[in-house]
Structure formats: C-alpha cells, structure tokens
Amino acid sequence: MNTTFFQCIDRVTGFQTTGRGIEVELGTHEHEMLRVDVLCDDVIRLKISRNRVFDETPTHAVCADLVNVQAGFSVENNDKEITVRTSAMSLTVYREPFVIEARRADGSFLLQTHVDNEGRGWAYATLNDEFVVRRRCKREDAFYGLGEKTGRFNRRGRNFALWNSDVLSPSLAGGITDTSDGSLPTDPTSTEFDPYYISIPFFYHMPIQNAAMSGFFIDNSYRGRFEWVNPEEYLFHFEGGQYTEYLFAGPSMRDILASYTWLTGRISPPPLWSLGYHQCRWFAYTQEKVEALAEKMRSSEIPCDVIWLDIDHMDGYRVFTWDRKRFPTPEEMIARLRGDGFRVVTIIDPGVKYEHGYAVFDEAVQRDVLCKTEGGAIYLGQVWPGRTAFPDFVKPEARKWWGELNAKHVRSGLSGIWNDMNEPATGDIPDGAMRFDGGRAPHARYHNQYALLMAMGTVEGLLAAMPDKRTFVLSRAGSAGIQRYAANWLGDNMSRWEHLWMGIPMALGLGISGQPFVGADIGGFMENSNPELLVRWYQYGALTPFCWNHNSANQADQYPWVFGEIVEKLCKAAIDLRYRLMPYIYASFCQAAETGSPVQRPLLFDFQSDLTTREIDDEYLFGDALLVAPIYTEGCTERQVYLPAGTWHHWQTGEVFSGKQFVVAAAPMDYIPVYARGGTIIPMWPSAPKSTMDYHPTTIELHVFLPREDSVTRSFLQEDDGQSFAIREGGFWRTEFVLRKDGARVRIEATVSGKGYPEFRRERFAIVIHGGKVTNLTGVDNLHRLTADSFELIPGTADFSIEMDLT
C-alpha cells in the first residue's frame with residue numbers, strides 16, 4: 001500500500017493521568033488526543049480522537065460492560081516516555097517520535113511501531129478521513145484471524161480487504177484485493193479470492209522467537225485493509241472512522257480468545273435440533289415435494305432435523321410471504337413435518353420489493369424505516385424481486401419493525417430464520433448511494449455491520465414470538481459480535497475438491513475470531529458434485545459445527561441417495577456418527593458459550609508450544625477430544641496426519657499412537673481418519689435417532705480413552721431439554737468427569753450439578769474402556785460388568801467414583 005501522502009503524528013506534547021489510564025496530547029501535524037484505558041490486567045484499549053472528539057461506540061461489536069470494569073495500574077513518566085503498567089503487561093508511549101510499544105510482564109513484545117528510514121514513527125497516520133498503522137514484525141512471524149478468509153490459515157504472505165461481499169455476484173468478477181505477488185485474483189471461485197462475506201478485524205501475532213501470542217481488535221467497520229506481505233512490517237488501514245484498538249496480552253490463543261469474546265460476546269447454548277443434520281436446496285419445491293423429500297429421508301432412515309426452504313417458497317420473492325400456489329397450506333405442512341420429527345426454516349432476505357400495495361413495503365414507507373439516499377429518496381437496489389428497498393437497520397425502530405415481521409412469520413410453525421443476501425447484496429446497482437440512520441450516515445460506516453444489525457432485529461422478533469425457546473438464525477454475512485445472534489455458513493462454494501479443503505481453514509479462522517457455529521455447503525453449492533466428492537464431504541461436514549447439504553438450482557441433485565445404494569450407505573454412516581456424537585457435540589457448544597473456545601479449532605489452539613502446528617490447516621480438533629483429518633483430494637485412500645503430544649486412539653481401528661509424530665493413516669471410502677485424545681471421556685447416544693426431537697435416551701455411553709502417560713484430565717456431559725431457557729435457572733444435569741491415571745491404576749470421578757428437567761429419562765451409563773484391559777473394577781454398588789472392556793452403571797443423578805486396574 002502506498003502511504004506516501006499520509007501524515008504521521010510525530011510527537012507527544014503533554015499528558016495526564018485518568019481514572020483508567022492516561023490521556024495524551026498529540027501534535028504537530030494533527031492536534032489530537034490518545035487515550036489509553038486499562039480494562040483488565042491483560043486488556044488495554046487505545047483510542048485516538050477525530051477533531052479532538054472520541055467516538056465511544058464506533059460499532060455494535062462490543063457488548064461488555066466497560067463502564068464498571070476496574071483494573072489496577074501504575075503510570076511512569078520521564079522526558080522520553082510514558083508507561084502504563086499492569087501486572088500482565090505494559091504500554092509505553094514515546095514522546096518524539098510518537099511511537100508505541102507494548103510488552104508482557106516478562107518483557108516479550110506485543111507490538112512495536114514501525115519507524116521508517118527517515119525516523120518517522122507510524123503509530124498512527126492520516127490522510128483525510130483514512131488512517132493507517134504500521135508495525136514491526138519478523139519475516140518468519142505468523143498471523144491468524146480476520147474471520148472468514150480464503151487461503152492458508154496462517155495469513156502471512158497475503159493482503160486482505162474487509163468489505164462484506166456477495167462473492168459470486170457478477171459485479172465482483174475482476175477481483176478486489178491482491179495476493180502476495182500483487183496479482184489480482186480475478187476468479188471469485190478461486191481459493192484465494194478476497195474479500196468474502198464476513199469481516200472481523202481481529203487478529204493474532206505469533207513471533208518466531210517463542211510460542212507467545214498477542215491479539216488485536218480494531219473496533220472499526222469501515223472498509224479495511226491488512227497487509228502481511230512485507231518481511232519486516234505489517235500494516236492495517238481503514239478508510240474512515242476513528243482508531244479504536246484493543247490489545248490482548250495472551251500469551252495463549254485460548255486466553256486471547258476468551259478475552260476477545262468477553263468483549264464482543266459469546267454464543268448462547270443453541271437449540272439441540274440446530275446441531276442435527278439439515279437438508280437445504282435452492283429449488284422450486286411444492287408443498288407435496290417437500291413432504292415427499294421428508295418421507296424419503298425417513299424411509300431411507302437418514303437422520304435429519306431440519307428442512308430448509310429457499311427463495312422460491314415466496315410469492316414473487318416478496319419477503320414474509322408464501323406462494324400459495326406452491327404452498328396452499330404451509331401451516332398444515334409444517335405441522336405434519338413436525339409430527340415426523342422435522343423442523344422447517346425459511347429464508348428471509350433484507351431486500352423488500354418496491355411495490356405499492358405490498359403490505360411489507362407500504363408499512364416500511366409509513367414507518368420511515370427504509371434506507372435513503374443523500375437526497376432523501378428511498379434507496380433502490382436490484383435483487384430477486386426486481387426493484388428493491390432495504391430496511392435501515394441502524395435505526396432501532398427499523399430493527400423493532402423487522403422483529404415484528406419475523407415474529408408474525410414464525411407463528412406459522414417455523415423454528416428459525418435464514419438471513420441471506422445481507423452483505424448487503426444490491427445486485428447490479430452499486431450500494432454506495434445507500435445511506436443509513438435516516439440518511440445521515442454514509443454507507444461505508446455501516447456496510448460491514450448490516451448483517452449484525454439485521455440479526456439483532458431478527459432475534460428480537462423470534463424471542464417475542466417464542467419467548468421460552470432458544471433462537472436459531474443462520475446468516476451469510478457478519479462482523480465482530482455476530483456470534484451473539486446468529487450462526488454463519490461459509491457462503492456459495494463450488495463442487496470442487498479444493499473447495500472442500502478451503503472450508504477447513506475458513507472455518508478455523510472464524511472459530512478463533514469468536515464465531516464457533518460455522519459450516520460449509522456439503523457437496524458444494526454451485527456446479528455438480530460426484531459420488532466420491534459427496535461421500536468425502538459428508539464425512540468431513542458431519543464433524544463440523546453446522547452440518548447441512550445445500551446446493552443451487554439448475555445443478556444436479558446431491559441428496560445422499562442420488563448416486564446409488566453404496567454412496568447412500570456411506571453418507572448415512574457419516575450422519576449416523578454425528579447423531580451418536582450429539583452429547584459430545586452439545587457439550588462442546590456449551591463450552592464455547594462459557595469460554596469462547598471454538599468447536600472446530602486448529603491444532604495450534606490446544607498445542608501452541610508445538611511449532612509444528614503453526615502451519616497445519618488440513619486437519620483440526622472437533623471439540624477437546626477428536627482430531628479430524630478430512631480427505632480433500634480425488635482418489636486418495638491414505639493421508640499423512642500429524643498427531644500432537646499425548647495419546648491418540650484411531651477411532652475406527654482402535655490402534656493407539658503416541659503423539660508428536662506424523663503417521664500415514666488409511667482412508668478407505670468407508671471413513672476419514674479420526675483420532676480420540678487419550679484422557680478424554682466422550683459421551684455418545686447408543687444409536688442414531690431419526691431426529692433430536694423428543695429424543696431423551698435412557699442410556700448414555702461413556703467412551704473412556706485411556707492415556708499412556710500419567711495424567712489428570714477433565715470432560716463433561718451436559719443434559720437438558722435442548723430448547724428452553726430453563727438452563728439459566730439450573731434446569732439441567734451436568735456431570736463433570738475427572739480421569740486420573742497413575743501407572744496401571746485408573747480412577748474416574750463424576751460430580752453432578754443442576755436441578756434437573758422434566759424430560760430427563762437417562763437411567764444408566766454404558767462405560768466403554770479404550771486402550772487397556774480392566775483386571776479389577778471397584779466402585780459403587782450398582783456397577784455391572786458387561787464385557788472385558790465395558791460395564792454398566794446406574795447412578796441416577798448422584799456423584800460416583802470408579803477405580804480399575806489395567807494390564
């Protein structure tokens with residue numbers, strides 16, 4: 001990026017201590033103020049004013065109560081520098097040139113301002129309404145984050161733009177940003193095209209010298225740019241808005257993400273049905289065809305929780321309507337499907353058909369809740385209905401109105417809402433003339449926040465219509481904080497092997513950027529899948545947070561059964577495994593809600609000190625316990641897998657491996673390599689039900705994967721009704737497991753908490769031991785041995801302890 005004409009703030013002219021840090025006077029070219037606020041021992045916020053005024057709410061990303069947080073700090077001042085110090089970190093502002101440095105308590109750097117050959121410090125420089133920050137780094141340093149991005153998980157060597165985009169829109173052909181060699185990725189179907197649908201200006205810096213990480217969140221929603229191509233510096237640039245940045249000391253990725261999600265929010269425990277298998281197709285279904293599809297699912301004994309309806313269910317693409325020719329009695333259809341264990345979700349785009357006489361449009365005009373142009377006219381775009389207006393979600397009254405429409409819509413029996421085209425996509429009409437906040441705010445300020453604001457209004461409506469039910473919203477676009485309201489899928493991909501791989505680092509990037517509820521279109525959205533690709537995608541997609549088959553109109557069918565009996569059997573086996581793992585998957589989501597930890601996570605997240613994991617992005621951890629190595633090349637029947645430190649049990653064969661090594665794993669068409677982590681207890685359902693609806697089994701299997709090394713490890717099982725908010729008042733049973741191994745002696749301790757719930761039916765645990773033969777077994781009275789490596793326990797909801805000797 002050419003920064004020639006940017007003016008650096010070059011000196012500090014004064015400062016004062018505040019109740020939360022310091023406020024610094026800056027000059028000479030720009031007479032602004034820097035504010036340093038200590039929020040926690042390991043989190044510091046930097047703000048620089050515009051025209052000596054601070055914007056205290058630059059976006060809707062931050063939800064933490066920062067007014068009442070308090071942390072201890074001290075201030076040191078001399079002729080050269082001013083330092084704010086906490087127990088975990090320090091931030092130093094140098095007087096001339098104006099340079100910022102941040103260190104941890106051990107002296108390791110979080111950040112260092114870049115100083116150019118002319119001695120100018122690039123802590124902050126402006127050009128009109130733009131600003132840029134340049135910092136030092138090493139050629140070998142790694143960078144992670146930014147949410148949904150293509151290419152490798154380590155962002156080093158590439159430049160990225162933050163501007164939510166309808167990727168396959170023809171208007172984007174030709175590329176928007178550049179790759180490491182400066183060329184333009186002109187093909188939007190490429191695995192390096194950028195920008196994508198979701199923009200999250202949060203990233204991690206991992207120096208080569210050690211495994212310590214630092215984290216950075218720039219709270220700005222204008223078009224942004226991040227450059228990690230230059231060997232000795234990196235920069236970020238925003239085209240407008242104020243500079244507000246949060247620094248996270250880490251040094252672990254886990255700690256940084258916990259702090260970031262404290263700041264921007266975490267997911268709520270999702271409804272259990274949303275973790276099942278979802279069937280979606282852009283297709284001109286009729287009511288009869290939808291019910292026939294459901295019957296085919298059940299007759300094929302393929303577990304499925306949700307059937308989705310795309311834009312063709314509407315009357316002329318008018319949102320919040322039904323095409324009564326295709327769906328004469330949708331309420332009755334939904335009720336019949338529910339009777340067979342299916343829920344229904346429909347698409348809702350933000351585009352409102354510009355048509356007088358259409359009730360939604362007329363009401364929007366009457367309430368004055370549509371986006372306007374600078375001249376005061378209603379902004380017009382062009383999407384599915386033709387001439388289209390867009391709700392001004394920046395206005396609280398517009399979000400309230402939108403929520404009311406959603407509330408009315410789901411009273412037909414719908415279980416959730418699908419927000420699409422919410423970048424916002426405006427078709428062949430450029431979006432720049434669309435203004436927000438009653439026409440007062442430029443498009444650029446809220447473009448990237450549009451999907452977040454839409455989801456806020458949607459959730460408000462769903463809670464009004466179903467106040468006792470957990471909400472589920474799926475969104476294509478998003479920004480920092482979207483995880484509080486919606487899940488995301490990865491948008492319109494292609495039926496290509498490289499797109500199967502592309503979804504892995506994209507999902508990992510979102511997971512470490514605060515959004516754990518993600519998944520890709522199984523089989524690919526555009527183009528035609530084939531038997532091998534579909535099987536491999538199901539085997540991968542069934543072990544991701546959000547699991548759905550989704551493809552486009554005018555493409556070949558890719559239902560599990562379309563390629564014959566053998567392929568159907570393999571696809572069903574993958575879905576069956578997901579359903580049997582449902583207690584484990586649900587516990588992983590509960591962990592994400594409590595700590596911010598991703599459900600689908602890079603090996604680096606749990607094994608940061610192992611530098612081998614820095615570049616691995618074709619395998620991942622699914623929760624704490626499972627390592628998944630997808631097959632993403634045609635004809636592949638084995639692949640190399642890296643196993644980090646510890647003990648790893650091959651899921652399918654039972655073979656046990658010691659970690660910190662690469663292994664060659666077989667991958668017949670029956671399965672992809674999956675390994676269970678030694679020391680974990682994985683709860684499973686005994687068989688795969690047709691759906692999660694009203695399924696409360698009397699038996700839960702506990703699969704105990706023994707470590708070779710002596711250790712103390714923890715796992716848990718969360719049991720609740722899976723749909724209400726009763727969990728907030730203790731309406732659950734949580735069983736915390738501690739597994740202690742000391743030589744040949746193993747002890748399992750279980751502690752139960754909660755007040756219970758009416759639907760609870762579990763009577764027993766079936767405990768299966770992996771990786772050792774039990775020679776002596778002691779514990780509670782109602783413990784019954786079944787086989788050499790399994791036994792049954794009927795503990796009710798009481799604590800229990802089991803001891804065993806191994807050979």
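**Exercise 1. Helices H2 and H3**

Determine which residues of H2 meet which residues of H3, and how the two helices are oriented to each other.

*Solution.* In this predicted model, the H2 side of the contact consists of Gln 287, Val 290, Glu 291 and Ala 294, which meet Pro 330, Met 333, Arg 336 and Leu 337 in H3. Turning to the axes, helix H2 (residues 287–299) and helix H3 (residues 330–339) have axes 11 Å apart and pack at an angle of about 5°. Angles under 35 degrees count as roughly parallel, and H2 and H3 are therefore roughly parallel to each other.

**Exercise 2. Helices H5 and H7**

Classify the packing of helix H5 (residues 396–410) against helix H7 (residues 450–465) from the angle at which their axes cross, and list the residues that make the contact.

*Solution.* The axes of H5 and H7 come within 7 Å and cross at roughly 45°, which makes H5 oblique to H7. The crossing in which H5 passes H7 is right-handed. On the H5 side, the contact is made by Arg 399, Lys 400, Trp 402, Gly 403, Asn 406, Ala 407 and Val 410, while the residues contributed by H7 include Leu 453, Met 454, Met 456, Gly 457 and Thr 458.

**Exercise 3. Two aromatic pairs**

Describe the geometry of the pair formed by Phe 517 and Phe 589, and then that of the pair formed by Tyr 540 and Tyr 620, saying for each which parts of the chain are tied together.

*Solution.* The structure holds 61 aromatic pairs. One of them joins Phe 517 and Phe 589, whose rings lie 4.7 Å apart centre to centre with 65° between the planes, an edge-to-face arrangement. Because Phe 517 lies in the loop between helix H8 (497–511) and strand S31 (518–519), and Phe 589 in helix H11 (residues 582–595), the pair ties together parts that are 72 residues apart in sequence. Phe 517 has a relative accessible area of 5% and is buried, and Phe 589, at 0%, is buried too.

The pair of Tyr 540 and Tyr 620 is edge-to-face, with 5.9 Å centre to centre and 75° between the planes. Tyr 540 belongs to helix H9 (residues 531–541) and Tyr 620 to strand S35 (residues 620–622), so this pair ties together parts that are 80 residues apart in sequence. Both tyrosines, Tyr 540 and Tyr 620, are buried.

**Exercise 4. Charges over rings**

Identify the ring over which Arg 134 lies and the ring over which the charged end of Arg 734 sits.

*Solution.* Arg 134 lies over the face of Trp 122, at 4.5 Å from the ring centre. For Arg 734, the charged end sits over the ring of Phe 716, 4.2 Å from its centre.

Definitions and conventions: Residues are numbered from 1 along each chain as its sequence is written. This is a predicted model: local features need pLDDT of at least 70, side-chain atom pairs count only at pLDDT 80 or more; totals for chains, interfaces and linings use all residues. Side-chain values use heavy atoms; hydrogens and water are left out. Rings of Phe, Tyr and Trp (its six-membered ring) pair if their centres lie within 6.5 Å; planes under 30 degrees apart count as stacked, over 60 as edge-to-face and the rest as tilted. Helices (H or I, at least four residues) and strands (E, at least two) are DSSP runs, numbered from the N terminus. Buried means under 20% relative accessible area, exposed over 50%, partly exposed in between (1.4 Å probe, protein chains only). A charge sits over a ring if NZ of Lys or CZ of Arg is within 6 Å of the ring centre and within 35 degrees of the ring normal. Axes are lines fitted to C-alpha atoms, for helices over the stretch in contact, and angles run from 0 to 180 degrees between N-to-C directions. Angles under 35 degrees count as roughly parallel, over 145 as roughly antiparallel, 65 to 115 as roughly perpendicular and the rest as oblique. A crossing is left-handed if the near helix is turned anticlockwise from the far one by less than a right angle, and right-handed if clockwise. Contact means heavy atoms within 4.5 Å.
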